[in-house]
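My notes follow in the order in which I went through it.

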Amino acid sequence: MNVAIIQFPGTNCDMDTYRVFNDYLEIDVTLFWHENTDNLEKYDAIILPGGFSYGDRLRAGIIAAYSPVIKQLKKISLKGKPIIGICNGFQILVESGLLPGALLTNSNLKFICKWVNLKVEHNNLFTNSLQSGSVIHMPIAHNEGRYYVSDDKLQELERNNQIILRYSDSDGNTSMDNNPNGSISNIAAVSNANGNVLGMMPHPERASDPLLSPYSTNNGIEIFRSMILSLEVMLKE
Amino acid sequence: MSTIESIDHSLTDNELEYIEKSLNRKPNNVELSMIDAQWSEHCSYKSSKSLLKLLPTKGKRVLFGPGYEAGVLDVDNGQVLTMHIESHNHPSAIDPYGGAATGVGGVLRDILSIGTRPIAVLDSLRFGNLSNPNNRWLLQNVVRGIADYGNCVGIPTIGGELSFDSCFDTNCLVDVVSIGVGKKKQLIFSEAKNVGDILVLLGNSTGRDGIHGSSFASKDLEDIPTDRSAVQIPDPFIKKLIIEGTMDALDAGLVSGLKDLGGGGLACCLSEVSDMGKTGVEVDLGKIHLRESGMEPYEILISESQERMLFIINPDNLDTISKCFDKYNLQYSIIGKVTGTKHVVIINNGDMIVDLPTELIANAPLINWPKTKPKHLDSKSVSKPELPVDINETLLKVLSSPNLADKSWVFQQYDHEVGTNTIVKPGESGASVIRIAPEKFIAISVDGNPSHCYLDPYNGAAGVVAEAMRNVISVGAEPIAMLDHLQFGNPSNSDVFWTFNETIKSISDFCSYIGIPCVGGKVSFYNEDAKTHKAIKPSPVISVAGLIKGEHNLRTRKLHSSRPLIVMVGETFDELGGSEYYSSIGHSQDGIVPQLNFELEKRAQKLVRDCIKVGLFGAVNDCSKGGLIHSLLQMCTISDMGASIDLSNIPSNCKRWDELLFSESHSRFITTIKKENFTNLLNISRNHDIPVSIIGSIGGHNLQVYNKDDNLFSYDLDYIRSYAYDSLSKFMGGQL
């Protein structure tokens with residue numbers, strides 16, 4: 001199994017994500033510069049890490065969405081391979097149309113960096129090692145994380161079980177009081193209809209070492225572990 | 001600023017005379033501009049250099065100290081820690097967003113210039129009163145500037161401090177500390193040492209921003225709108241690419257010298273690399289990539305356009321090095337070469353327009369200003385306020401001072417998590433902790449106390465060093481080095497210069513006594529109101545770095561039920577001059593400030609370090625600004641856990657409860673222990689000759705204070721939060 005981490009100019013969570021795969025999960029992982037002309041299809045899963053690709057110029061994620069590597073990514077996504085976009089990676093996936101919706105400026109118009117409670121809404125290939133309905137801890141760090149979709153689309157996401165994580169309190173209540181950025185329906189992570197592309201604003205790579213967590217937890221690593229376990233099954237088939 | 005032949009400069013008649021004598025001719029306009037930039041106070045330290053020599057700079061871990069781009073410390077196993085502090089006060093006062101952002105950018109380049117990767121940033125900020133909308137505007141945009149820059153470049157802003165005083169109404173202070181890590185064998189210096197090497201200018205194009213930036217920082221702020229072009233334009237995205245390109249080039253091991261372009265632009269950069277390398281340089285202005293056409297030669301030379309680095313390399317290595325830049329689409333130009341002439345030579349359109357001896361440009365004549373002791377220091381009133389009638393009102397008033405308030409409004413705007421090594425985060429202690437290797441951590445604090453320094457420069461300044469040390473000790477670290485940033489008014493004011501002198505004397509006395517080396521620093525003069533000539537309060541800011549080995553030695557201020565007893569280490573004295581208490585209740589700003597007893601401080605620090613090492617202490621917090629009650633509140637709110645204390649158990653000579661609660665005496669810590677360990681602690685305290693006493697216990701959700709049988713007050717933490725501790729966020733418009 002080999003996981004690729006895509007690097008754009010301005011990506012800054014690439015090494016943090018790399019360390020989680022390489023050091024903690026001991027999975028073969030490759031840093032893949034966006035201009036690299038190698039075939040991306042040889043990798044089993046692709047991660048778009050966080051950061052400020054192209055300095056967030058024009059709009060967060062939009063310039064990266066036009067990088068040639070995204071064309072390859074679109075092909076790969078059709079084959080059902082897992083793809084995770086974290087923070088700026090999520091913004092790129094939304095801008096490139098691989099995920100529905102848009103990510104707007106936080107409702108308080110400020111960058112927010114803090115640990116949040118997240119309710120696991122559904123088990124899918126990225127959350128199988130977590131319990132559906134449980135509350136987990138991860139930090140967020142973004143200026144444009146207010147997820148938005150039309151009401152129709154929101155209902156569709158609900159119907160298809162595409163809402164994967166919601167901002168909540170420690171008991172799993174998903175009221176506006178526990179919504180850090182004004183996201184519609186407290187959405188923190190969504191998948192595509194097929195379930196193989198995940199976009200999330202919280203940073204799982206920053207929640208993979210208990211020493212870094214105010215709660216001494218490492219819930220974030222379970223997102224990656226779930227993906228690996230699902231992949232192992234897929235690769236056997 | 002005088003004008004000779006239509007060139008703006010700030011050189012004095014004496015300096016001009018000295019230049020002419022040294023050159024044996026009149027300098028031309030371009031030469032004058034270059035010398036003016038390099039001889040500005042900002043770049044030359046001409047008023048402070050002779051005094052700064054007093055500071056102790058040697059220590060067992062110090063590899064390189066003041067005089068280098070950053071201080072370098074050996075942190076074992078071939079790893080080095082680098083640290084530097086910079087301010088961007090004048091630019092931030094007129095363009096808070098750009099000024100603060102480029103302040104971060106500048107200090108990151110210093111860490112990079114010595115061959116190490118910046119891993120964290122901290123800020124120390126001072127503004128005038130928040131009731132003034134201009135100060136709120138400044139704070140909002142300074143914080144946004146720091147956040148946008150640090151967040152984008154991907155270096156965590158892991159801590160800092162913020163306070164307010166009306167003396168900063170016209171001169172805010174924006175100080176940035178950065179630390180970096182690297183390999184001892186990859187250190188590199190800002191020197192042009194090999195004749196024949198080429199000079200490669202990497203990064204941003206050179207434009208008209210930041211013209212006269214360092215001269216502008218070396219005079220009083222005036223004519224604000226016209227000086228706006230003196231502020232540089234930040235570009236954190238390019239900086240991120242420069243950091244990666246530079247690290248790749250350094251990994252290739254083929255760089256002979258490296259220097260950032262900061263204050264004084266190319267002019268200062270060239271004179272400093274040739275002075276340090278004991279060589280000369282020759283540069284062709286036509287080779288420099290420019291942002292705009294029609295730039296005058298002097299503008300190109302002193303422009304402080306951001307995001308530029310000068311690489312000094314052997315021409316044979318250009319191919320390899322340029323590949324590192326090409327990967328990130330970074331612009332660069334080969335602008336000149338290293339010569340053996342010991343002169344800085346500038347060519348423009350084939351003409352030699354500058355030919356100056358390096359030694360002359362790089363060494364401004366020093367100035368020794370007259371000193372007189374300020375009058376206000378001789379009239380010490382010791383009037384005390386009446387004992388408050390309404391305890392509750394007084395307490396909430398003090399705790400709602402923005403100086404003591406919760407600073408989440410600030411640090412939640414900073415990405416303090418990127419890099420996945422921030423172990424002790426902002427708010428969890430007085431220092432922050434970052435991991436630099438498995439089981440190896442760096443603690444870092446930054447502190448200041450203008451009120452104490454104004455009333456008693458000697459005890460105030462030494463006290464700031466002590467507080468910064470106590471903060472890194474509180475997270476379990478051994479202090480290994482410090483940086484000082486000395487911010488004052490106009491040095492030609494003899495009161496200001498006396499105070500400056502006293503401050504350095506005090507810092508060097510205490511550092512020498514306690515054995516902490518100074519590995520770098522900065523001086524910022526001319527922080528005064530241009531109209532009234534009223535200077536800011538003396539504002540030394542001190543940053544201390546500490547080393548922690550082993551996760552089990554890490555501490556925060558978080559309470560834990562396994563250690564329920566609250567212990568006060570040290571003695572509380574009746575010395576409330578300059579306290580938050582007095583200023584919050586509107587009592588006059590005078591009286592005796594906390595005195596730093598060097599010996600006592602050393603023993604208290606040693607006791608706490610020893611007790612952390614053997615695992616006696618759980619939560620640890622320094623007790624200073626705002627006194628015991630503030631220190632305790634910090635511990636309770638971060639843990640969401642209450643506490644109950646009895647003031648009569650505090651070792652003290654104070655007779656009043658308000659003094660016990662609010663005294664800011666030095667050499668004190670609050671800590672928690674297990675019940676069964678108190679006897680053990682008493683034995684240790686006797687050996688260290690430092691009083692310790694149990695003052696209460698943790699539990700519940702209320703903060704309760706007794707004075708013997710008197711229940712002084714009892715508040716739910718949520719109540720204190722909403723009616724006092726959240727005051728900063730309320731001032732700034734609510735929602736976090």
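**Notebook: chain B**

I began with the spacing of domains in this predicted model, and I noted that the centres of domain 2 of chain B and domain 3 of chain B, taken over C-alpha atoms, are separated by 51 Å. I then looked up the bounds behind these names: the domain assignment of chain B gives residues 188-364 as domain 2 and 557-731 as domain 3, while domain 1 is made of two segments, 60-181 and 410-551.

Next I turned to helix α12 of chain B, residues 318-327, where I found I321(B), C324(B) and F325(B) buried. These residues cover an arc of only 95° around the axis, so they sit on the same side of α12(B), and on the other side I noted D319(B) and D326(B) as exposed. Which elements do the buried residues of α12(B) pack against? I listed β9 (198-203), α9 (236-251), β12 (308-313) and β13 (332-339) of chain B. I also recorded that N329(B), which follows α12(B), has a positive phi, near 55°.

My last entry concerns helix α14 of chain B, residues 391-399, in which T394(B), L395(B), V398(B) and L399(B) are buried. Looking down the axis of α14(B), I saw that its buried residues fall within an arc of 125°, and therefore they line one face of the helix. As partners of the buried residues of α14(B) I wrote down the helices α19 (580-584), α21 (627-639), α22 (657-662) and α24 (717-725), together with the strand β28 (710-716), of chain B.

Technical notes
Residues are numbered from 1 along each chain as its sequence is written. Chains are lettered from A and ligands numbered from 1 in the order in which they are written. This is a predicted model: local features need pLDDT of at least 70, side-chain atom pairs count only at pLDDT 80 or more; totals for chains, interfaces and linings use all residues. Domain bounds come from an automatic or database domain assignment. A residue is buried if 20 or more other C-beta atoms lie within 10 Å of its own, exposed if 12 or fewer, and partly exposed in between; C-beta atoms are placed from the backbone. Helices (H or I, at least four residues) and strands (E, at least two) are DSSP runs, numbered from the N terminus. The arc is that of the directions from the helix axis to the C-beta atoms. Two residues are in contact if their C-beta atoms, placed from the backbone, lie within 7 Å.
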